[in-house]
Amino acid sequence: MHQTNFLVREPLLDPKQRVVGYELTWQQSSLEPFTAQDLEELVGFVASQVNGDDGTWLLRDKTLFLQAVPAMLSTDALYNMPPEHTVLSIKTSELANPSTLQAVQALRAGGVGILLREADLARIGNRLPTIASYVEVRFSGADVASQARSYALLKQSTVRMVGRPVTTWADFDACAALGLDAFVGKLHLTPRPGADTKGMNPAQTIIMQLMQMVKQEADIQQIEAVLKRDATLSYKLLRFINSAGFGAGREVQSLRQALALLGYTPLYRWLTLLLATASTSGYSPVLLETAVVRGRLAELLGQAALGKSEAENIFVAGMFSLLDRLLGIPMQEVLEAIQLSDDVVAALLTRGGKYGPYLALAEACELNSALVASLAASLNLTPLDVNKAHLSALCWAQNLAS
């Protein structure tokens with residue numbers, strides 16, 4: 001299906017809004033359930049993209065949650081996934097078949113995680129820890145006391161609770177208070193009601209100034225003089241440039257060296273990334289990770305058609321598309337603070353211009369949108385092109401220096 005359908009990703013967040021893993025599945029165009037072959041192909045394709053040539057796990061500490069049905073529990077593709085970072089989700093009703101239950105227990109014994117969906121906790125009782133490492137719970141604000149009692153029992157076991165769907169910040173806070181371990185949903189893209197609007201802190205102000213100077217191709221000595229006002233920023237910038245995710249090929253020890261090696265455009269892109277990470281406005285870590293993945297995905301989608309240099313600008317547009325939330329200031333204020341090219345501004349404001357469609361496609365991949373297929377087709381990108389770029393961006397974001 002990787003050649004005909006598109007990947008969908010959902011982040012799993014912990015109570016501190018950090019990404020602990022991703023649920024990956026195929027975009028579903030009908031109500032028909034996925035077949036065993038569909039899901040086997042999902043595991044095989046994901047394994048081929050998130051393992052390095054030397055067998056290293058490119059997603060670092062992240063766990064992948066993948067849908068499963070009984071007929072694919074013994075698929076060979078599972079051997080290419082690290083068991084400690086793999087969780088298969090299966091309907092609890094499937095365990096009524098003794099052979100399915102035996103296969104699930106064998107996977108558990110081998111270290112693969114199992115998430116039970118649609119579980120009747122009262123009926124499973126004490127057997128749950130021997131079967132599953134995760135259980136999906138459906139939070140409802142209607143009977144919090146009853147749910148609290150159920151969750152309290154689970155908290156005493158080794159089974160972790162995943163809440164779905166968590167659609168409001170009030171529900172998120174309630175679930176966190178009740179002890180749920182992870183949450184699925186698009187909540188991180190929704191601003192918290194009543195959140196205070198923040199201005200830029202001193203570090204962000206300096207970065208904005210540097211970005212302006214780089215955009216104008218100012219003399220490197222002038223740029224260095226501004227950067228020296230904040231030693232922490234100098235350190236962070238060099239860590240970013242020397243990270244595995246950037247791959248400069250040799251250690252960069254000074255801004256002068258960085259500019260000689262990179263050029264102004266790549267340096268501008270890294271300042272954009274640094275601007276987001278310099279935020280102290282209390283943004284959620286998942287929002288930063290989303291911005292990085294979005295920027296990188298949009299960049300990869302545009303590289304073949306527009307070239308590497310133009311694609312650098314698409315990365316900037318992708319990062320800036322969430323910068324208003326990361327900095328806690330309106331987008332218009334962000335745009336007033338720094339001079340951007342007309343194409344980047346058009347992408348940010350209307351998803352227009354030559355960069356906008358790539359940004360729109362990257363966003364659509366986050367939202368399980370029906371627009372993914374039409375946007376990809378309009379850009380002459382196949383599902384395989386998009387899926388490879390999607391997983392590559394996800395891996396790249398994990399391997400940036402923090």
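About 50 Å³ of space lies in the largest cavity of this structure, which is a predicted model. In total, 3 cavities of 30 Å³ or more turn up here. So who sits around the largest one? The lining is made up of Arg9, Pro11, Tyr22, Lys186, His188, Leu189, Thr290 and Glu366. Sort those lining residues by class and you get 3 nonpolar, 2 polar and 3 charged.

Two pairs are set out below.

| Helix pair | Angle between helices | Distance between axes |
|---|---|---|
| α1 (residues 36-50) and α19 (residues 383-398) | about 50 degrees | 9 Å |
| α17 (residues 356-366) and α18 (residues 371-378) | about 155 degrees | 9 Å |

Take α1 and α19, which pack at an angle of about 50 degrees. Because of that angle, α1 counts as oblique to α19. The two helices make a right-handed crossing. On the α1 side, the contact uses Phe45, Val46, Gln49 and Val50, while α19 brings in Leu384, Asn387, Lys388, Leu391 and Cys395. Split by class, this contact between α1 and α19 has 6 nonpolar, 2 polar and 1 charged residues.

Now for α17 and α18, where the packing angle is about 155 degrees. That angle is over 145 degrees, so α17 runs roughly antiparallel to α18. Here the crossing of α17 and α18 is left-handed. Which residues make the contact? From α17 come Ala360, Leu361, Ala364 and Cys365, and from α18 come Val372, Leu375 and Ala376. By class, the contact of α17 with α18 has 7 nonpolar residues, with no polar and no charged ones.

What kind of peptide bond joins arginine 164 and proline 165? The bond is cis, with omega at about -15 degrees. To find proline 165, look in the loop between β7 (160-163) and α6 (169-178).

The other spot is glutamate 217. Its phi is near 55 degrees, which is a positive value in a residue other than glycine. You'll find glutamate 217 in the loop that sits between α7 (202-215) and α8 (220-227).

Conventions
Residues are numbered from 1 along each chain as its sequence is written. This is a predicted model: local features need pLDDT of at least 70, side-chain atom pairs count only at pLDDT 80 or more; totals for chains, interfaces and linings use all residues. Side-chain values use heavy atoms; hydrogens and water are left out. On a 1 Å grid over the protein atoms alone, a cavity is a set of points where a 1.4 Å probe fits but cannot get out, and a pocket is an open set with protein on both sides within 12 Å along at least five of seven lines; lining residues have an atom within 4 Å of a point. Grid points are joined across faces, edges and corners, and a volume is the space filled by probe spheres set on the points. Ala, Val, Leu, Ile, Met, Phe, Trp, Tyr, Cys and Pro count as nonpolar, Asp, Glu, Lys and Arg as charged, and the others, Gly among them, as polar. Axes are lines fitted to C-alpha atoms, for helices over the stretch in contact, and angles run from 0 to 180 degrees between N-to-C directions. Helices (H or I, at least four residues) and strands (E, at least two) are DSSP runs, numbered from the N terminus. Angles under 35 degrees count as roughly parallel, over 145 as roughly antiparallel, 65 to 115 as roughly perpendicular and the rest as oblique. A crossing is left-handed if the near helix is turned anticlockwise from the far one by less than a right angle, and right-handed if clockwise. Contact means heavy atoms within 4.5 Å.
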